[in-house]
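Open the model in your viewer and keep the selection tool at hand. Each stop below tells you what to select and what is there.

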Amino acid sequence: MKEKGGSRAAVDERYAQWKSLIPVLYDWFANHNLVWPSLSCRWGPQFEQATYKNRQRLYLSEQTDGSVPNTLVIANCEVVKPRVAAAEHISQFNEEARSPFVKKYKTIIHPGEVNRIRELPQDSRIIATHTDSPDVLIWDVEAQPNRHAVLGATDSRPDLILRGHEENAEFALAMCPAEPYVLSGGKDKSVVWWSIQDHISGLGDSSKSETSPGASGSKHSKTANEKDSPKVDPRGVFHGHDSTVEDVQFCPSSAQEFCSVGDDACLILWDARTGTSPAVKVEKAHGGDVHCVDWNLHDVNYILTGSADNSVRMWDRRNLGPGGGAGSPIHKFEGHKAAVLCVQACIWSPDKASVFGSSAEDGFLNVWDHDKVGKKKNPNSPGGLFFQHAGHRDKIVDFHWNSSDPWTIVSVSDDGESTGGGGTLQIWRMSDLIYRPEDEVLSELENFKSHLASCTPRA
């Protein structure tokens, strides 16, 4: 990270300082050294609740050097509940070791490297993946058989293949919260829109079978594992970008409305009900390529974009007119020192609709609150920034809020050269003293101070 985050010595010094503060900053923290790089990380369904921790699926990938196949990994993750982990335990970890909280459950041999993973909100056992091809691959991860990733092994068969791009579609991928629709963008400058409604019932039924994984009697499981996977053609192909489409996202309340961003620095809003041309096109939304976009789940008027110009911008779609170049962001969040790669709004509570995270090539994951803009007490801190996760040594390529466990994040970085592995996966939850109301926190600390005083031996 010499170009983006300073010299190796500076990065090491920053990391050491951060590690010393873990007991103060975090309620829980887990570090997992990866064998191979992963370009994406996503939470799956929670499947077990216990007294002190919950168990949940976690989706990762393994981007190999060709000595073994590329894989899609389904892991079981133990998520420790709030205010359970001891401070001295969360800070004592070996940076080069695997975490006991993350255990591989199943391996799917993926046709090509996995660039992006996205889960279906209605049923997170169904996921979509992007690789270096024009196709989107759909997987029922519970029904897929567990495979051994050895050289020469045949690829696992996707449960569905979505066709429609004319060139490779490598990163831009989204699944709709409202209905089982999929969205993709690619090098062909197009946004492609599919419905998997006709097939989704078969996929869901296969994962409920009592037979072994992948041995279900459903026609989709059999087709996926023994013959060519079924193909799905798009509902629509949308043109309006002048360069590669980097990211796409659905409006949370509608499968017919979505947005996209690309290397042409444009933000485009689409409405499938009115045709395949842009409904709104914001020219020069940023001062560089736009890498990522998210649509606020709890207030559908707000859209977030992140760019190679190092900034995150928030847009109110009510201010975006139909003319070219219309609209200005309602705020520019400037706290990163390198290109922003991922942005995601809070997904677990309408009360926190103003909260979002952003990760970048500078190795930081920033947590922002738009409601705090203009109310900052530290003049040296960017407006709205209230937490900065500095546990990664190099660029953070993906992160995901946990909808089942508020304030819990999984993040993955491409820092294998620094850590002696394939990269670093971290699962963490900041201390609630950071985000709770100030008067509530001060009252708790005062009570704690009084308790300590009462416990002090008298002379």
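Contact here means heavy atoms within 4.5 Å. This is a predicted model, in which local features need pLDDT of at least 70, side-chain atom pairs count only at pLDDT 80 or more, and totals for chains, interfaces and linings use all residues. Residues are numbered from 1 along each chain as its sequence is written, and side-chain values use heavy atoms, with hydrogens and water left out.

**Stop 1: Leu 425 and the cores**

Select Leu 425. Leaving aside neighbours within four places in sequence, Leu 425 is in contact with residues including Ala 30, His 32, Cys 41, Leu 58, Val 102 and Val 412. Buried means under 20% relative accessible area, exposed over 50%, and partly exposed in between (1.4 Å probe, protein chains only). A nonpolar core is a set of buried Ala, Val, Leu, Ile, Met, Phe, Trp, Tyr and Cys residues joined through side-chain atoms within 4.5 Å. The largest such core has 43 residues. Leu 58, Val 367, Leu 425 and Ile 427 have the most contacts inside it. A second, separate core of 16 residues includes Ala 172, Leu 183, Val 245 and Phe 250.

**Stop 2: the cysteines**

Go to Cys 41. How far is its sulfur from the closest cysteine sulfur? The distance is 7.8 Å, to Cys 342, which is too far for a bond. A disulfide is counted when a pair of cysteine sulfur atoms lies within 2.5 Å. The structure holds zero disulfides. Cys 41 is buried, at a relative accessible area of 0%. Cys 266 counts as buried too, at 1%.

**Stop 3: β2 and β3**

Color by secondary structure. Helices (H or I, at least four residues) and strands (E, at least two) are DSSP runs, numbered from the N terminus. Two strands pair if DSSP finds at least two bridges between them. Now select residues 42–49 and 53–62, which are β2 and β3. They run antiparallel and are joined by five bridges. A hairpin connects β2 to β3 through three residues. Find Trp 43; its bridge partner in β3 is Leu 58.

**Stop 4**

Select residues 181–185, strand β11. Is β11 mostly covered or mostly open? Covered: five of its five residues are buried. Tyr 181, Leu 183 and Gly 185 lie on one side, Val 182 and Ser 184 on the other, and all are buried.

Ala 174 has Leu 183 as its bridge partner in β11. The hairpin of β10 and β11 has five residues between the strands.

Gly 185 stands opposite Val 191 in β12. Four residues lie between β11 and β12 in their hairpin. Lys 189 in that turn has a positive phi of about 70°.

**Stop 5: an open sheet**

Trace the order β6-β7-β8-β9-β13: five strands forming an open sheet with mixed pairing. β6 (116–120) and β13 (231–232) stand at the edges with a single partner strand each, so one side of each is left without a neighbour in the sheet. Inside the sheet, β8 (residues 136–140) and β9 (residues 160–162) run antiparallel and are joined by three bridges. Val 136 stands opposite Leu 162 in β9.

**Stop 6: salt bridges**

A salt bridge is a side-chain nitrogen of Lys or Arg within 4 Å of a carboxyl oxygen of Asp or Glu. The count comes to 27. Show Arg 116 and Asp 247, whose side chains meet in one (3.8 Å, N to O). Arg 116 lies in β6 and Asp 247 in β15 (residues 245–251), so the pair ties together parts 131 residues apart in sequence. Both residues, Arg 116 and Asp 247, are buried.

Next, pick Arg 317 and Glu 257. Their closest N and O atoms are 3.1 Å apart, in a salt bridge. Arg 317 sits in the loop between β21 (312–316) and β22 (331–333), Glu 257 in strand β16 (residues 254–262), 60 residues apart. Arg 317 is partly exposed at 22%, whereas Glu 257 counts as buried at 17%.

**Last stop: Ala 390**

Select Ala 390, in the loop between β26 (385–389) and β27 (396–401). At 9% relative accessibility, Ala 390 counts as buried. Residues that Ala 390 touches, beyond four places in sequence, are Arg 14, Tyr 15, Trp 18, Tyr 26 and Phe 364.
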